[in-house]
Amino acid sequence: MSAPAGFGKTTLLAEWLAAAPADGPAAAWLSLDQRDNDPPLFWTYLVTALKTAAPGVGANALSLLRSPQTPVEAVLATLLNDLDALPIDVVLVLDDYHVIDALDVQDGMAFLLEHLPPQLHLVIAGRADPAFPLARLRGRGELAEIRAADLRFTPGEAAAYLTGAMGLMLTARDVAALEGRTEGWIAALQLAALSLQGRDDVAAFIAGFAGDDRYIVDYLAEEVLQRQPEPVQRFLLQTSVLDRLCGSLCDAVTGQDGGKARLAALERGNLFLVPLDDRRRWYRYHQLFADVLQAHLLDERPGDVPDLHRRASAWYERNGEPAEAIRHALAAEDFERAADLVELAIPAMRMSRQEAAVRGWFRMLPDELVRVRPVLSVGFAGVLLAVGEFEGVEDRLLDAERWLNTTTGVGASAEMVVVDTAEFRRLPATIELYRAGQALARGEVPGAARHARRALDLSPAEDHLCGAAAAGLLGLTFWTSGDLEAAHRAWADCMAGLHRAGHVADTFGCAIALADIRLVQGRPGEAMRTYEQALLRAPDQDGSVLRGTADMYVGMSELHRERDDLPAATRHLLRSQELGEHTGLPQNRYRWRVAMARIREAEGDLGGALDLLDEAERLYTGDLFPNVRPIPAMRARVHVARGGLGEALGWARERGLSVSDELSYLREFEHITFARVLLAATERSVDEATPFLERLLRAAEEGARTGSVIEVLVLQALAHQTRGDIPAALASLRRALTLAEPEGYVRIFVDEGPPMAALLRAAAKQGIAPSYVRRLLAALDKTDKTPPVRQGLVEPLSERELDVLRLLVTDLNGPDIARELSVSLSTVRTHTRNIYTKLGVNNRRAAVRRAVELDLMSRNRDR
């Protein structure tokens with residue numbers, strides 16, 4: 001519904017919903033304003049509105065919105081899953097959508113539209129067309145449009161309104177003149193009618209009625225306002241500072257009683273009051289009318305404005321809405337009060353990941369005021385770190401530290417201001433935490449370790465969360481520097497502290513770190529137990545799935561793949577996918593694709609593996625975890641496996657890799673990959689690789705990184721084999737088998753293909769690890785006999801799913817497929833989701849490619 005202001009869009013929608021039958025669709029209504037361009041705010045309000053119509057919808061989506069790194073597609077995916085399961089239809093009205101111009105919000109809405117379940121009917125009302133693919137929706141028959149031409153009053157409707165609804169005694173000529181001058185614009189007709197009430201000079205007024213739209217509105221609003229009784233005028237002007245109104249809030253702002261009754265009277269009197277809920281508790285003024293009221297207030301009583309905002313701020317504070325309380329305090333330029341409120345709000349805003357909103361408040365607070373408030377200064381530093389603005393962080397920490405160094409406690413200085421005394425006591429440890437995080441982000445590992453240790457020392461014994469954070473940061477410094485056992489101990493302390501603090505969901509991040517460390521140490525069994533125990537120890541109280549659960553299944557999939565249990569590896573990835581991206585950490589999207597790529601590689605589908613790695617790289621989200629297995633290096637390994645030596649050498653040149661490089665844990669995966677590239681190149685490069693592998697082996701052994709030791713020994717064995725030194729090759733292989741057998745490694749040998757098979761047969765003849773070698777040879781034999789990418793599905797497609805798959809290959813869209821198969825669009829979407837899950841893909845193009853690889857299309861034709 002698209003039309004200029006004052007054309008009755010909101011009124012029409014409200015009356016349409018009110019006239020709906022009792023057994024009709026449930027309705028959700030969201031009125032928007034400029035502040036809703038903040039994506040987390042917009043989606044929170046939208047999901048909350050839907051919950052009013054369908055109470056079971058959106059709980060997980062709201063939980064996801066508290067994380068700043070969660071992609072909006074993940075939030076919307078879980079919301080759409082909830083909506084798709086609804087047994088009822090829901091109408092969602094987004095009123096005043098024209099105020100939304102944020103690209104992030106527009107992109108999310110486009111995603112929502114593209115995946116809209118049939119139960120949800122979306123109504124967009126605004127003054128301009130939304131930035132949606134309207135032509136495509138129109139072409140699909142999925143768009144109904146109501147525009148200004150449809151909303152304009154006809155002469156007959158204008159006459160009915162002016163003489164009937166408004167009770168004016170007008171001649172047909174008067175009505176025609178007004179209708180012609182306003183061109184059926186409802187707001188102008190309404191304002192004209194209100195101005196005409198009680199006039200004796202009706203004809204003269206109508207004859208002089210002229211001007212552009214805005215002039216008419218301003219002029220008529222003056223006429224309407226001036227004709228109201230003085231108490232009503234005062235009420236209108238005083239409450240014009242509010243974006244939304246309810247009875248008690250109006251009472252607080254005006255200092256009078258009876259606000260609820262006054263609002264009801266204004267609504268009855270058509271004084272441009274728009275109800276925001278069906279209980280008539282909350283209202284807002286028509287924006288044009290509010291503009292005029294605010295202009296009059298500034299002209300007539302400018303001194304009243306700050307006090308009105310202060311009263312509104314106090315009401316919102318009492319009613320538990322700190323963000324609105326802060327906004328009004330800032331509008332009143334009562335910066336002392338605003339600073340008090342911000343200081344108290346920061347912990348909750350930090351927990352709900354609303355640092356961007358806090359950053360906006362800080363921009364409005366005078367710098368000299370923040371500097372005398374140590375808690376506020378440190379809070380500002382934390383917000384800057386969270387949004388990735390490192391400049392200014394140290395200055396804020398120094399501002400706070402100045403007070404800690406010159407005082408012995410709260411109140412020791414007349415200049416210092418502290419509101420949150422609990423946060424003040426934590427400041428020494430918090431300052432060190434932020435310095436550790438800043439140093440780690442800049443790659444200053446020794447400095448990060450130093451500050452993390454200080455934070456641990458300074459953390460109050462009862463502050464488990466602070467201690468856990470410090471232990472986690474210290475663990476990151478150990479991990480980055482390659483001291484994996486120390487890193488494991490620190491992360492175990494972090495996990496224990498988070499459990500004590502009640503932050504159970506955050507322990508999943510610790511589990512990932514602990515399992516990754518054990519895997520590098522060559523202890524995949526312990527890594528598996530870490531994942532399993534994390535799932536057992538972290539049940540959610542309300543039955544919903546804790547965020548991070550999906551990551552546990554991805555980790556376990558990797559371990560099953562190494563043991564050559566590809567069906568189990570695939571099942572775990574599909575379980576992760578079924579849980580939904582909202583149950584994963586921000587990094588889960590790319591980790592999932594990396595894990596699936598490795599399964600594809602094990603199946604012989606190297607092209608599919610590269611596609612998945614490309615997608616993973618696009619979705620990569622960095623964090624403070626060291627990126628020890630960069631995706632480009634994984635891609636180079638696949639290129640080597642498929643004979644793409646040129647691409648692999650290009651990667652090595654781009655990374656500036658050399659056999660004379662200084663070795664470190666952070667680059668170990670890249671250097672081992674580089675050794676693989678050298679082994680696949682020329683005889684001369686194999687000669688170069690041999691001493692390089694010896695250096696890599698020593699470094700891995702010194703760091704107790706047994707997982708890396710096994711891989712390097714495997715490559716050493718292959719290098720010696722290439723050079724014709726079979727005894728040396730078998731010696732390296734013997735060492736690798738001795739380390740790998742207790743932990744059940746398989747793919748690390750099998751992935752090397754025929755050259756490894758030849759070495760293992762030679763080892764069998766010499767009686768080296770006989771049972772283990774037989775197992776590896778059996779796995780190699782099975783791999784050789786299995787045609788590439790012709791693996792069976794974990795669960796076969798049903799007959800109807802095969803029908804849908806056949807049509808996915810065509811250019812038909814979802815509704816066309818539904819019509820072709822004579823089923824509902826919802827049924828098609830359900831079948832499509834099942835197809836994606838069974839094929840292990842995420843989009844239509846990938847599903848078609850995978851179906852061709854599995855020869856499903858020819859089988860489908862044979863049916």
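Is D96 buried or exposed? In this predicted model, D96 counts as buried at 12% relative accessibility, where buried means under 20% relative accessible area, exposed over 50% and partly exposed in between, with a 1.4 Å probe and protein chains only. Local features need pLDDT of at least 70, side-chain atom pairs count only at pLDDT 80 or more, and totals for chains, interfaces and linings use all residues. Residues are numbered from 1 along each chain as its sequence is written, and side-chain values use heavy atoms, with hydrogens and water left out.

D96 lies in the loop between β2 (90–95) and α5 (103–114); helices (H or I, at least four residues) and strands (E, at least two) are DSSP runs numbered from the N terminus. D96 is not a glycine, yet its phi is positive, about 60°. A positive phi, near 70°, is also found at D564, a residue other than glycine. D564 sits in the loop between α30 (549–562) and α31 (566–579) and is buried, with a relative accessible area of 12%.

Three cavities of 30 Å³ or more were counted. A cavity is a set of points, on a 1 Å grid over the protein atoms alone, where a 1.4 Å probe fits but cannot get out; lining residues have an atom within 4 Å of a point. Points are joined across faces, edges and corners, and a volume is the space filled by probe spheres set on them. The volume of the largest cavity is about 70 Å³. Its lining includes E343, R350, V378, E423 and Y434. Two or more lining residues come from each of α19 (335–351), α22 (374–386) and α24 (421–441).

How values were computed
1 Å grid on protein atoms, 1.4 Å probe; cavity = no way out; pocket = protein on both sides within 12 Å on 5 of 7 lines; lining within 4 Å.
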